[in-house]
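I set out to record what I looked up in this structure, entry by entry. The entries follow the order in which I consulted it.

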Amino acid sequence: MQNYKTIILSNQEVSPDYFRMRILAPGFGAKAKSGQFLMFRVQRSLPPLLRRPFGIFRTGHLAPDCEGMPPKEYVEILYKCVGRGTNIMCELHEGDHVELLGPLGKGFEHDPDKQDKILVGGGIGLVPLFMLASELVEEYNVRLLMGGRTRDDILAVTEFERLGVETYVSTDDGSLGEEGFVTEVLKRKLKKYPEAEVFACGPTPMLKAVNEICSQQKVALQVSLEEHMACGVGACLGCVVKGAGHTEENPSYLCTCKVGPVFQAERLDWSAIGEANDSCGGCA
Ligand SMILES: Cc1cc2nc3c(=O)[nH]c(=O)nc-3n(C[C@H](O)[C@H](O)[C@H](O)COP(=O)(O)OP(=O)(O)OC[C@H]3O[C@@H](n4cnc5c(N)ncnc54)[C@H](O)[C@@H]3O)c2cc1C
Ligand code: FES
């Protein structure tokens with residue numbers, strides 16, 4: 001983990017309310033693993049100083065401005081404007097100063113014996129799946145099932161296709177791809193590839209439905225949770241979720257920012273996922 005005081009290289013709207021930001025971050029790519037995240041702060045913002053968690057979409061290099069200079073290493077995030085912090089972010093421009101902390105958390109692990117990998121993304125939840133797809137696509141059969149409410153929520157599909165990933169799109173209103181929930185596509189794919197392992201990120205109702213389907217079919221599932229986070233480093237306990245088997249007598253709490261954000265689905269108490277964090281008795 002490193003704190004970067006750095007600048008924005010670009011920040012563009014890619015769909016209504018969705019932005020893609022490239023940030024100069026030397027050395028970040030060598031440390032980042034798929035499923036990890038970063039904490040972003042707008043340096044010029046007034047207190048409370050905003051730090052917001054975002055998945056790492058990808059890392060890369062830009063050609064240097066002049067011969068003999070090193071290439072510019074960047075990290076890219078994709079984000080949706082939903083509130084105070086992200087509304088400030090979407091007004092930022094190339095050259096603006098920002099602060100990053102990362103890479104943070106625990107990323108995805110995969111089982112080398114499972115040839116079929118199914119990635120399920122709901123809306124902005126596709127973000128951590130891109131690096132995962134890049135890591136897996138050379139050796140495994142990778143399929144992306146991407147769902148959104150409307151066509152505006154479907155992002156970066158052509159980039160997955162360029163990697164060589166088979167993609168399936170569904171929207172609730174049928175404005176792009178198949179009409180209906182992405183979980184219906186997942187059921188069909190699991191009939192065809194029952195030995196697959198599944199990786200999912202998206203809204204809580206979608207994750208719960210994916211967990212239901214995978215646990216019924218005894219398919220291995222990892223999920224990336226997007227709990228509210230204040231510090232991102234295990235200090236505030238604002239991001240705890242209940243672990244499987246949690247009871248009042250025998251509490252089990254997991255810090256999403258340290259133990260996650262990626263979890264094996266069976267580690268979680270799914271009846272409590274999506275509950276507001278109130279208090280906790282400790283942090284694993
Ligand atoms: C590990 C992790 C990775 C994330 N990756 C991405 C990403 O790649 N792209 C992206 O757009 N967003 C991502 N998020 C969510 C993002 O952090 C929030 O949207 C952002 O913090 C909202 O800040 P804000 O100040 O604009 O909103 P606020 O003003 O704080 O809140 C506005 C509204 O958004 C809701 N909200 C705030 N945080 C979250 C959250 N974590 N999950 C769901 N609803 C929330 C609030 O309840 C409120 O209704 C991620 C969250 C986590 C924990
Ligand atoms: S966000 Fe502070 S402990 Fe996880």
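**Entry 1: Thr204**

I looked up Thr204 and found that it counts as partly exposed, because its relative accessibility is 28%; buried means under 20% relative accessible area, exposed over 50%, and partly exposed in between, with a 1.4 Å probe and protein chains only. Thr204 is part of helix H6, residues 204-216; helices (H or I, at least four residues) and strands (E, at least two) are DSSP runs, numbered from the N terminus.

**Entry 2: basis of the values**

I note that this is a predicted model, in which local features need pLDDT of at least 70 and side-chain atom pairs count only at pLDDT 80 or more, while totals for chains, interfaces and linings use all residues. Residues are numbered from 1 along each chain as its sequence is written, chains are lettered from A and ligands numbered from 1 in the order in which they are written, and side-chain values use heavy atoms, with hydrogens and water left out.

**Entry 3: ligand 1**

Which residues come nearest to ligand 1? Of the 21 residues around ligand 1, I recorded Arg52, Pro53, Lys80, Gly85 and Thr86 as the nearest; a residue is near a molecule if one of its heavy atoms lies within 4 Å of it.

I then looked up polar contacts, meaning pairs of N or O atoms within 3.5 Å. A polar side-chain atom of Arg52 is 2.7 Å from an oxygen atom of ligand 1. Backbone N or O atoms also approach nitrogen atoms of the ligand: one of Gly55 at 2.9 Å, and one of Glu226 at 3.0 Å. Ligand 1 taken alone exposes 870 Å², of which the protein buries 74%; these areas come from the Shrake-Rupley method with a 1.4 Å probe.

Strand E4 (51-55), strand E6 (72-80) and helix H2 (84-89) are the elements that give two or more residues to the shell around ligand 1. E4 gives the most, with 4 residues.

**Entry 4: buried positions**

Is Thr171 buried or exposed? Thr171 counts as buried, because its relative accessibility is 0%. Thr171 lies in strand E10, residues 166-171. Not counting residues up to four places away in sequence, I listed its contacts, among them Gly148, Arg149, Leu176 and Glu178.

Ser15, in strand E1 (residues 2-15), also counts as buried, at 12% relative accessibility. Beyond four places in sequence, I found Ser15 in contact with Asp152 and Leu155.

I next looked up helix H3 (residues 127-136), which is largely enclosed by the rest of the structure because 8 of its 10 residues are buried. The buried residues of H3 include Val127, Phe130, Met131 and Leu136.

**Entry 5: backbone geometry**

I looked up two cis peptide bonds. The bond from Gly102 to Pro103 is cis, with omega near -5 degrees, and Pro103 belongs to strand E7, residues 97-104. The bond from Gly260 to Pro261 is cis, with omega near 15 degrees; Pro261 is in the loop between strand E15 (253-255) and strand E16 (262-264).

Lys218 is not a glycine, yet has a positive phi of about 55 degrees. I placed Lys218 in the loop between H6 and strand E13 (221-224), where Lys218 is exposed, with a relative accessible area of 75%.

Key:
Contact = heavy atoms within 4.5 Å. Polar contact = N/O pair within 3.5 Å; in protein donor to acceptor, adjacent residues only side chain to side chain.
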